[in-house]
Amino acid sequence: MTLDPLALALLVPVVAAPLLVLTPGYRASAWLNVAASALTFAAAASLFVIERPLPGDYLHIDDLNIVFIVLNTFVGLTAAVFSATYIGHELETGRVTTASLRFYHAMYQIMMFGMNLALMSNNIGLMWVAVELATLSTVLMVGLYRTNEALEAAWKYFILGSVGIALALFGTILIYMSAQPILGEGLPSMVWTNLIGSAALLDPHMLNVAFVFLLVGYGTKVGLAPFHAWLPDAHAEGPTPISAVLSGLLLNVALYAVLRFKMLMAANAAAVAPGPLMIGLGLLSLIFAAAMLYRRRDIKRLFAYSSIEHMGIIVFAFGMGGPLANFAGLLHMVMHSLTKSAIFFAIGSVTQIKGTQRLADIRGLTHSHPALGWALVIAVLSIAGMPPSGVFMSEFLVVTTSFSRSPILALILVFGLLLAFGALLLRLTGVAFGTPTGEDQEMHGSLVPLWLHIALIVLIGLHMPGPMVAWFQSVAALLG
Amino acid sequence: MHDLSFDIAHMLAGSLVLVSFMMIYQARLYALLNAFAMQAFLLATAVAWQAYIRDAPHLYASAAIALVFKAIIVPWALHRMVQRLGIHREIETVVGVVPTMLAGMGLVALSILLMLQLTETADSALAREDLAFSLSVILLGILMMVTRRNAVSQVVGFMSLENGLILAATGAQGMPFVVEISVAFSVLVAMIVIGVFLFRIRERFDSVDTEAIEQFRGEKQA
Amino acid sequence: MELIGAFLLQGLQMIVVLALAPGLTGLVRKIKARLTRHRGAPVLQPYRDLWRLSRKEVVLADNASWLFRVSPYMIFAATWVAAALVPTFAIGLYFSWTADLIAIVALLGSARFFLALAGMDVGTSFGGIGASREMMIGAFAEPAMLLMVFTVALVAGSTQLSNVAAFMQSDAVGIRVSLGMAMIALIIVALAENARIPVDNPATHLELTMVHEAMVLEYSGRHLAMIEIAASLKLILYISLIGAIFLPFGIGPASTGIFGLALGLALFLGKLAGASLLLAVFETSIAKMRVFRVPEFLGAALMLGLLGTLLLFVSRSL
Amino acid sequence: MIDTVVGIVAALLALSLVATMLPKTLASATLVYAISAAGCILLAAAAIAFLAGSAVPRTVVLPIGLPWLGAHLGMDALSAVFLLLLGVGGAAASLYAVGYGRHEAEPHRILPFYPGFLGAMAVVVLAQDAFTFLLSWEVMSLLSWALVLPHHHADATRRASFVYLTMAGFGAMTLLLAFGLMAGSAGAYDFASIREMERGTTLAAVIVILMLVGAGSKAGLMPLHVWLPVAHPAAPSHVSALMSGVMTKIAIYGFVRVVFDLLGPVPWWISPPVILLGSITAVMGILHAINDGDSKRILAWSTIENIGVIFAALGLALAFKSGAMPGLAALAMTAALVHAMNHMAFKSLLFMVAGAVLNATGRRDLDALGGLIGRMPVTAFLALVGVMAISALPPLNGFVSEWLLFQSVLQSPQLPQPGLQFLVPAAGGILALTAALAAAAFVRFYGITFLGRPRSEAAGTATEVDRWSLGAMAGLVALCVLAGIFPGLLIDFVGPAVGIATGGQLAAQGGNAFATLLPLARVDSSYSGLLVMAFVAIAGGGAAWVVHRTASRAVRRGPAWDCGFPNADPITQYGGGSFAQPLRRTFGAVIAARETVDMPAPGDNRPARHTASTADLAWRHVYDPLVALVDSATSRANALQFLTIRRYLSLVFGALIILLVGLAIWN
């Protein structure tokens, strides 16, 4: 197999991981980590220019996953940069050891490998394996700090994740069994392109059961209520760059899996329509998360719940279906990845400055650290759906299109959005304004990734580049 | 293929479900572990049988894994643990055995109902019933996880869940990755067991005094 | 030529109201005195008072501002213009379209506005009492007045007083309940606006009961003269307003010859005399009410005005 | 034409970005405000040119916003009228800010948002598609939110900003729903195709209600007004002037644009709610204004009142329009638009006055002011014109719009529906009451602030404000007077916009003799501000001249008459509370007025206390319960954060089982 970008995007992390384990000194490994991520991103980005390889039994590239892959590698890069400037301080405060840092960087690459593999795989079995790989690696990173809370979080994540894994596997097996009579035994019946090609022939009842299991299994990773329990703690107790990656990427990967199978369902007329299920789960997650936002005392948990909320919105949008809603869903997903990871970058610096994650101890950031504070304000307002971020555009599309189709659902959606908006605004007002309190250590984390993300958010919100629109529209058509 | 082989496979699969019920029925940990070992053994046999009747040699591998790892090592390890934690006498069920049994019945009924709705195809008779059995094993496994307090019994529950998965995977004709999957799951289980060992997890699963947990929750409850 | 005539008539109208105003006040006082078996001051006394006041020096409070000194003239001017726009003995005067009934109400409103401000300027508590109570009275009197205007305008189809008077003279309008209600409303408003019993007592200087007098307490000399004459202008305005709307007989168009106008003038004087008699009788026969009963009193006027308006629709839809 | 306008707007928005990089010096503040003022003047000029000339409306499409749609920007008469309003108000506020801004502690918290706020409002007016409209609407809310926050150290300010942006978000969501209904699921978002679309009357009515809520929450319609009384005192005064004088009118624009222009025919029965809501808002707003003790909050309440008046006029126009009487609809609509213009002028002026007083004394509470007419004579004079205008006294502009409104109320018998025939005069009565109460409120405002004796040290030592501020205020005063004595010009100006909205138009007024208003030839009710002004001037001046010539002109100064009870304490003057007492007692029920007297027992020589308080029923009956509800609900939901893993697992399991059972049943 020649060294095409796909292979590169997968090989680089695989090669980098052992290197990182061996590299002495965390600085070197940190920047090596950055370099590897940069290389991966370059490889992924080159997928735009070169013509796409034909789908094989294991890997393939189409309009849908290329968006995910590029986004994934990009945020992976920025997160790596942030982590490189951030993690050193953790060493000074003694929260981590050099050894665990090596391990951390290696795991970072393995996680990137898992996610890229999951996104590129043309094979539902391979996708399953890859998602699990990514999950397990993140589990280990969540537990990095070895505090009781961290272990608690990691353990919770691990157990719920494992059950999710099992259920997803059963769904995968069912899909295989439904395909096996048509596509024959063995690998062919697991190849995505074959499946979608002959979706109409598959046994609808089998598909239904399979979809339920896949939805629950992968939905656990997406963090949909009521399968969300691992998410807030995992975000709150792990290292902040990992929280950024979790919210920005892992959720997307799981969502991608759900979308794939949704397409399969949609392609089979006799099967149960996946829409209502997704709409229900989406609204449930939205309302639930919005309600939970009010009582948060920990800034990272706050935004973890906001991730659940936005996953709810996205799943709702895809559940509604139709070109506009799907477009909105994709856009919202991209925007959420960029914005939420930006927010976690900001929070990383904030927690280092204030030496705490308690919301009550963080005050007047725009006063004490204007560059950081205002960035946080912009990012939070963007995630809350304020223009000129793309989130506003996607929410505009979702609400306007769904209201004329099914008013009740739209009203529930709007209610949830307002609830969440109020909560975020309440917290933001406290955090960003007023007279600063608490300790004020120097800031290590770099602001470059943060502002870069914000620039992208605003740019896309005001003027989406043509090619991007083209993909989104074709993908929206694919999703049906 | 003659019918006998079907019937044997069928019988083995059914007996897995039976053993799951036995596990639910067992309140004491030692008995539970023994039951689980039995289930693992049955699974190994079932997989081996599938390997034989379909002459799919790679399945022998996963049969072996099931036998060695799950029927022997893990039960033994858990046995040790129970002794170490000194919990072999505790009654660990959250809800009484009878309601749990009834719930189990319901689950089996549900899974059979679901699987019988599948459209009849040529050779899917066995597949359908196999699926029904493995689905019920899976559901019973989760049921066990949620109705037992103790970490060990929950590990056992998880593993019986996974038994059901392996059963389904082997039942699916010519499914790739079965061996890899069983390996992956063995690793998973190993990690769980180690985890239970390392941080004496039982409180983290569940405990009588909730205070002990909440001091590990990031946010104290107001 | 006739333009000059029109100007003359308009001027005459302005002069007439200005000239008659103090006399009217004097007349009312005289009758009241008689009714209470006093001899009373001569009818022409107000003219003498004004003359004397205007010759006295002005005593200003130390912290009185320019507003305090300007207000009397503003009040006088606003009231006078308003009064001059109400048809007294002739309609269709040259400038009659300058302001309709709504504008006249608003002009009186601005007079009240300045009076209240002037009351607050010196910074004694009396001024405050007066201003606050005056504004409360105004807050009820103006809407009542406007609702009355609605009723009339809905009948006459215009808020232009000349048209209203002309329409009222025409036999298109019979006796209407709503018009009666409007008239009562207008009378109540008139009593309140002119600080008459039962709302206020023009003769008292007992602090707790007075409203108008409390505001002008600090005024003296020519300023006081201006305020006084403005007050009497207001009185004559309301009387001629009632006359123009509800007893429009005798008010001829400006084009009628000298005799028509003379007749109109004579009738106008008659109306004034009758009105002052009624007013005096009314005032002597009832007592002043507590300040916080005033809203109820004026609220009644408001209700009457609204009722009148609504009844119109009923009678129309019948 | 439109290109230049878009250019100016773009420049304003760009200025915001530039302002973030400017050094924190006085010069940069002056620069930003000066450029903003210039931009606003240009906008106003462009609008005037558009209205005066017969330029054809043209739309430009920028590659911004929805990719397949782009941002449609265009200008028609309606946009031009509000662009003019924005330009004038913005220019005045900016000029004022050149002087006033000097006193800001943290100018870098204002400058980056100020020009952008102006620009965003302009875009709202120019937007020709739903997305651009809502985008700029939200940006407008966002930047104004940031502009409320400069004094963020005060808790009240932060709370105000929170309340404000939450209400704004709510309003935006309702607008989103409204446009969702208008555009349909296919997403035909540009105004042109929204106009084309056919829709049932019920749907139209729903949209009107949604617009009423959405635009009303921005304009300050009850019970969505709660943000105004908190946000306006918190914001710097020139921002308050903009928000109150201009932004609320942009909200009005949104309502007019959608309900009258885009929506097509609406059922008549939707107009009574609008009229009723408007009138109630008006009277409630002014009642609160009378009873409030904070100068800027008084003005905020009075803004609510005027918004109510405007909405009542709009409702009337709606009624006439649905009754197929374009001429009368035009009369009501003219009243609404002219009143919007006038309110922009005098409300901005009064907020500037309040700001000047705040600068000079540092106090906003009436009971600490007084006697400023001596210390700041020019401000006092300008303020006097302002309060006369807002109290609708002839010959100023406030009276013109009120007069037009009453004239259109008087046409209610023409309406076919008896319900409206009864409702409209009643509403007219309420509006008359409102006008009278407004006079009372502003006598109180002016009298206690500027007249009497100083009630505090600060008030006693105040000094006149800078020339820039005075210049801006003087300009607005000139506008109030001109619009009062030459109303015809203004009416002719808004004519085409009225035509767009109602399909009818008033006869041209500009040419009438002595600038007389004669809106309906059929009923020749007329009013000439010019002549009234002239007569009053002649009469007053003449009287003064005669008296001073013929009689004495002697003046002696002496102490005020104290009734033999010498007490120099300025506290003995009537204060805000005591002035409001009669009306508070009369209307106590609707403003939840409470008076408590604490009378010490005989022999006890502590002072007796009298405290009076009023409350906003909207808070008491809508928002506080809502907050409590959210509070309890969330705290109950919060338990889910603290479950054990086994319970979480059972959640997953339960969900799975439910789904499977559902599936089994579905098959």
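**Contacts in chain D.** I looked up how far apart in sequence the contacting residues lie, counting two residues as in contact if their C-beta atoms, placed from the backbone, lie within 7 Å. Among contacts in chain D between residues at least 6 apart in sequence, I found that 80% join residues at least 24 apart.

**Source.** I note that this is a predicted model, in which local features need pLDDT of at least 70 and side-chain atom pairs count only at pLDDT 80 or more, while totals for chains, interfaces and linings use all residues. Residues are numbered from 1 along each chain as its sequence is written, and chains are lettered from A and ligands numbered from 1 in the order in which they are written.

**Confidence.** The predictor gives the complex an ipTM of 0.89 and a pTM of 0.92. For pLDDT, the predictor's confidence in each residue from 0 to 100, I read an average of 89 in chain D, with 99% of the residues at 70 or above. Chain C averages 85, and 95% of the residues score at least 70.

**Overall form of chain D.** I listed 24 helices and 5 strands in chain D, taken as DSSP runs (helices H or I, at least four residues; strands E, at least two) numbered from the N terminus. The radius of gyration, over C-alpha atoms, is 27 Å, close to the 26 Å that the globule rule (2.2 Å times the number of residues to the power 0.38) gives for 667 residues, so chain D is as compact as a globular protein of that length. I also noted that 62% of the 667 residues are buried, meaning that 20 or more other C-beta atoms lie within 10 Å of the residue's own, with C-beta atoms placed from the backbone.

**Helix H20 of chain D.** I followed this helix (residues 487–502) to D:Gly495, where it bends by about 40 degrees, with D:Pro496 following within four residues; the bend is the angle between axes fitted to the seven residues ending there and the seven starting there. Of its 16 residues, 12 are buried, including D:Gly495, D:Phe493 and D:Ile500. After the helix comes D:Gly503, with a positive phi near 80 degrees.

**Largest nonpolar core.** I took a nonpolar core as a set of buried Ala, Val, Leu, Ile, Met, Phe, Trp, Tyr and Cys residues joined through C-beta atoms within 7 Å. The largest has 688 residues, of which C:Val81 and D:Met121 touch the most other members, and helix H13 (residues 326–361) of chain D supplies its largest share, 25 residues. Leaving out residues up to four places away in sequence, I found D:Met121 touching D:Leu86, D:Met140, D:Val246, D:Met247 and D:Ile250.
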